Amino acid sequence: VLAGVTEQQIQTLFRQGLAGFEEQVQEATGLDEFRLDYNLGGRLSKEIWASPYQEEENIALTLAKRFLLDRLYFRVKFAQPWQSFQRGELGNVQISYEVLLWLNKYLSLDYTKESFGFGSDQRQYNSLALQASFMF
């Protein structure tokens, strides 16, 4: 139980520490979203307490930007296993993206392509959706 609580606390502190860096990168590059994801709490828990943490460790980078008077939104996410990242291997990368086009104030068209798994186990999910929003 102590390892689980500590894992969550470490991850929370790590995310809070990264938030300032992510905001600086957003401001410097003009991106609407810059996010770096890595489960540091799980990694430390595995190393320190020999936790049975078995989830595959990945590092991910998400970038997003609005274009054309904020009517077109593009988000891309790159992810790869931590071990491949440490070795500098670029061949085992997942690329997922989303393109969102606001047709008018209430309607948007959303195309998403997501990748799951790595290497020969990689699967893809594609979706196209017409979204309507209305507030009372």
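1. E33, R75 and E98 are joined in a network of salt bridges, a salt bridge being a side-chain nitrogen of Lys or Arg within 4 Å of a carboxyl oxygen of Asp or Glu. The model is predicted: local features need pLDDT of at least 70, side-chain atom pairs count only at pLDDT 80 or more, and totals for chains, interfaces and linings use all residues. Residues are numbered from 1 along each chain as its sequence is written, and side-chain values use heavy atoms, with hydrogens and water left out.

2. Between R75 and E33 the closest N and O atoms are 3.0 Å apart. This pair links distant parts of the chain, with R75 in strand β3 (residues 72–81) and E33 in strand β1, 42 residues apart. Strands are DSSP runs (E, at least two residues), numbered from the N terminus.

3. For E98 and R75 the closest N and O atoms of the salt bridge are 3.1 Å apart. E98 lies in strand β4 (residues 94–102) and R75 in strand β3, so the pair ties together parts 23 residues apart in sequence.

4. E33 is buried at 19% relative accessible area, and E98 is buried at 17%; R75 is partly exposed at 28%. Buried means under 20% relative accessible area, exposed over 50%, and partly exposed in between (1.4 Å probe, protein chains only).

5. The whole structure holds three salt bridges. One of them joins the side chains of D37 and R35 (2.7 Å, N to O); R35 is partly exposed, with a relative accessible area of 33%.

6. L36 belongs to strand β1 (residues 33–38) and, at 24% relative accessibility, counts as partly exposed. Leaving aside residues up to four places away in sequence, L36 touches R15, L18, E22, I59 and A60, contact meaning heavy atoms within 4.5 Å.

Methods. Helix = DSSP H or I, 4+ residues; strand = E, 2+ residues; numbered from the N terminus.
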